[in-house]
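This briefing is intended for a reader who is meeting the structure for the first time. Please keep the sequence and the model in view while reading the points below.

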Amino acid sequence: MEEFETSASAKKTKTIYISTVFGIAMVLLMIGLLGLILVHANNLSRYVKENIVLNIFMDDAAHEADVLQLQKQLDGNVMVKQTQYVSKELAARNLQKDLGEDFVKFLGYNPLSQSLDVYLKADYANNSGIDKFKADLLKNPLVKEVKYQQSLVDQMNQNLTSISLVILAFAGIFVVLSVALINNTIRLAIYSQRFLIKSMQLVGATKGFIRKPFLLYGIWHGLLGGLIAILILILTLYLAYKQVPDLVILQNYTEFGIVFLGVIGLGILMSAVSTYLAVNKFLRLKIYDLYR
């Protein structure tokens with residue numbers, strides 16, 4: 001009979017701990033998904049900003065060698081990500097494709113100017129940064145005109161800021177809810193062991209001695225929950241990229257690694273802290289309070 005009770009108790013405890021691990025894993029999965037959304041949103045913002053093009057039109061008297069020299073100088077500018085030289089002939093071919101007719105043959109000459117297409121780094125792709133860059137360029141006698149879609153840049157930055165604030169607000173709320181859920185899950189698991197904790201205390205075991213195995217289990221459960229969450233996140237990323245191949249341009253393995261490490265670290269930390277607080281609660285309880 002005693003063996004049966006011991007076996008039943010062990011099975012019950014194992015079931016509780018398995019439920020705890022999967023409960024932690026599901027909460028960490030939600031946090032991880034939110035982290036990946038933040039990473040992709042940030043990468044999308046950077047991608048959009050770095051694809052804003054500044055068209056620098058050259059003076060008609062400018063020589064190609066001088067323009068190429070200016071391009072080399074711009075490539076060394078800290079604000080510039082990349083540049084592209086567009087000759088008069090290339091500009092004409094591009095416009096002919098857009099119009100669908102040979103306007104050069106119709107006019108008898110090529111009215112287009114050679115130009116440089118400049119793409120700025122994301123940190124400088126805002127109206128204030130672009131205006132400063134534009135003012136410096138116009139001081140160069142080779143430069144006739146600098147054009148970019150100012151209203152589009154302004155609207156894009158406003159929208160990206162609003163979206164980032166909304167996502168961060170949701171992230172903050174979700175982290176608070178996640179901490180509460182994991183804490184409650186672990187407290188319920190420790191609750192089933194309250195009599196064992198009090199029995200160990202009554203026979204003279206110190207608080208540190210009693211806490212140690214529970215903390216080790218808590219850390220282990222947090223680690224397992226984090227690993228399960230990461231496996232599901234990797235599968236989710238794989239399926240997402242398979243369904244939407246264009247998402248590949250937003251992937252960043254370094255940032256994904258930081259998110260995954262954050263999920264494991266958060267799982268271990270929250271599990272350990274919740275376990276510590278729960279065990280301390282039952283250590284302070286009087287014997288008659290254990291039945292309430």
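K144 is a residue of strand β4, in a model that is predicted. With a relative accessibility of 42%, K144 counts as partly exposed, because the partly exposed class lies between the buried limit of under 20% and the exposed limit of over 50%.

**Surroundings of K144**

- Leaving out residues up to four places away in sequence, K144 touches F57, M58, D59, D60, S113 and L138.
- K144 and I56 are 88 residues apart along the chain, yet their C-alpha atoms are separated by 7.7 Å.

**The sheet and its helices**

- Four strands form an open sheet in the order β2-β3-β1-β4, and their pairing is antiparallel.
- The edges are taken by β2 (80–86) and β4 (143–147); each has a single partner strand, so one side of each is left without a neighbour in the sheet.
- On average, neighbouring strands of this sheet are turned by 20° against each other, with direction ignored.
- Six bridges join β2 to strand β3 (residues 115–120) in the antiparallel sense.
- Within this pair, Q84 stands opposite D117 in β3.
- Helix α2 (residues 64–75) packs on the sheet and touches β1 (53–58), β2, β3 and β4; the direction of α2 makes about 165° with that of β2.
- Helix α5 (residues 127–138) also packs on the sheet, where it touches β1, β2, β3 and β4; the direction of α5 makes about 165° with that of β4.

**The loop residue S87**

- S87 belongs to the loop between β2 and α3 (88–99).
- Is S87 buried or exposed? S87 is buried, because its relative accessible area of 17% falls under the limit of 20%.
- The side chain of S87 reaches the backbone nitrogen of L90 at 3.2 Å.

**Nonpolar cores**

- The largest nonpolar core has 31 residues, of which L28, I190 and I197 touch the most other members.
- Two or more residues of this core come from each of α1 (2–49), α6 (150–191), α7 (194–202), α8 and α9 (253–284).
- Which element gives the largest share of this core? That element is α9, with 10 residues.
- Not counting residues up to four places away in sequence, I190 touches I197, F214, T275, A278, V279 and F282.
- A second, separate core has 20 residues, including V80, L116, L120 and I130.

**K207 in helix α8**

- K207 is found in helix α8, which covers residues 207–243.
- The relative accessible area of K207 is 42%, and the residue is partly exposed.
- Apart from neighbours within four places in sequence, K207 is in contact with Q201 and L283.
- The C-alpha atoms of K207 and I197 are separated by 9.4 Å, the two residues being 10 residues apart along the chain.

**Spans annotated in UniProt**

- An unreviewed UniProt entry places the feature "transmembrane region" at residues 16–39, 160–182, 214–241 and 256–279.
- In the model, residues 160–182 are 100% helix and 0% strand, with end C-alpha atoms 32 Å apart.
- Residues 256–279 are likewise 100% helix and 0% strand, and the end C-alpha atoms of this span lie 34 Å apart.

Technical notes: Residues numbered from 1 in each chain as written. Predicted model: local features only at pLDDT ≥ 70, side-chain atom pairs only at ≥ 80, totals over all residues. Heavy atoms only, no water. UniProt positions renumbered as here; feature names shortened; annotations may be inferred. Pairing = 2+ DSSP bridges. Axes fitted to C-alpha atoms, helices over the stretch in contact; angles between N-to-C directions. Contact = heavy atoms within 4.5 Å. Buried < 20%, exposed > 50% of the residue type's maximum accessible area, 1.4 Å probe, protein only. Polar contact = N/O pair within 3.5 Å; in protein donor to acceptor, adjacent residues only side chain to side chain. Core = buried A, V, L, I, M, F, W, Y, C linked by side-chain atoms within 4.5 Å.
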